Amino acid sequence: MQGMTKAEVDKAERKDAALGDGPKRPRDAATLILLDRKGNDFHVLMGRRHAAHAFMPGKFVFPGGRTDPADSRVPVATGLHPEDETKLTVRAGRTGPTRARAIALSAIRETYEEAGLLIGRKGPLATGKRDWQGFVDHGVQPSLEAVRFIARAITPPGRVRRFDTRFLAAWRDDVAVALPNGPTNELEELVWLPLAEARKADIPTITRTILDELEKRLNDDPLLRPGGAVPFYRMLHNRFVRDVL
């Protein structure tokens, strides 16, 4: 932690959690950083949000969004690695293994909805959940085996929209089906950018911070093995705090 004792952090987090339901309480969300290795360089998939959007118009972002209740009830070909699953539950209130799985699945679902990429294994999927019918139609069973937990960040208090976002990563090779239609109404375009170029793009500050963290982890472990250190960012008592899960 930077600049605060553990007691101060715990007290601030209890106050933040007590703000009540509605827009003040951070809502679970997940983002997927899709990686492709080319020689000694790593590329990331980013999409540019429509200029007409009220939230981050024109910014380049990773596919992602809020976790939905139905995400916890979709069958998977393989689950999260136990070490990543455990880290998703650390310092996360009532988040248990089922909720951790739902958070990871929401990143998979949003990548399909926003980028037309279905991550998993070819095979029949049976679910009545509406947002997952693309996987049913294209015969893809979502898989979490290769998903890695990279970072976590909570939107500062006082914002109208607040999210407790988990940044996850997977590899381009994990895409079972890539639809030709491209971006949806969420994104105007998709681009694969080297990490150095991605940091120079028009991206939110937290995205640039996460890219820095990702590069450090890839330098230490190019295979992104499970159980790596996960930085956790949030604002407490008007201080930007980083600690490690």
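**View 1. Pairing of strand S7.** S7 and strand S11 (residues 231-236) pair in the parallel sense, over 2 bridges; two strands count as paired if DSSP finds at least two bridges between them. Alanine 153 has tyrosine 233 as its bridge partner in S11. S7 also runs antiparallel to strand S8 (residues 163-171), joined by 6 bridges, and here alanine 151 is partnered with phenylalanine 167 of S8. Strands (E, at least two residues) and helices (H or I, at least four) are DSSP runs numbered from the N terminus. This is a predicted model, in which local features need pLDDT of at least 70 and side-chain atom pairs count only at pLDDT 80 or more, while totals for chains, interfaces and linings use all residues. Residues are numbered from 1 along each chain as its sequence is written, and side-chain values use heavy atoms, without hydrogens and water.

**View 2. Burial of strand S7.** Strand S7 (residues 148-154) is largely enclosed by the rest of the structure, because 7 of its 7 residues are buried (under 20% relative accessible area, 1.4 Å probe, protein chains only).

**View 3. The largest nonpolar core.** A nonpolar core is a set of buried Ala, Val, Leu, Ile, Met, Phe, Trp, Tyr and Cys residues joined through side-chain atoms within 4.5 Å. The largest has 33 residues, of which Leu32, Leu34, Ile108, Phe135, Leu144 and Leu168 touch the most other members. Elements giving two or more residues to this core include strand S1 (27-38), helix H3 (97-115) and S7. H3 supplies the largest share, 8 residues.

**View 4. Surroundings of phenylalanine 135.** Beyond its neighbours within four places in sequence, phenylalanine 135 is in contact (heavy atoms within 4.5 Å) with Ile108, Tyr112, Leu118, Ile119, Leu125, Val140 and Pro142.

Note on methods:
Buried means under 20% relative accessible area, exposed over 50%, partly exposed in between (1.4 Å probe, protein chains only).
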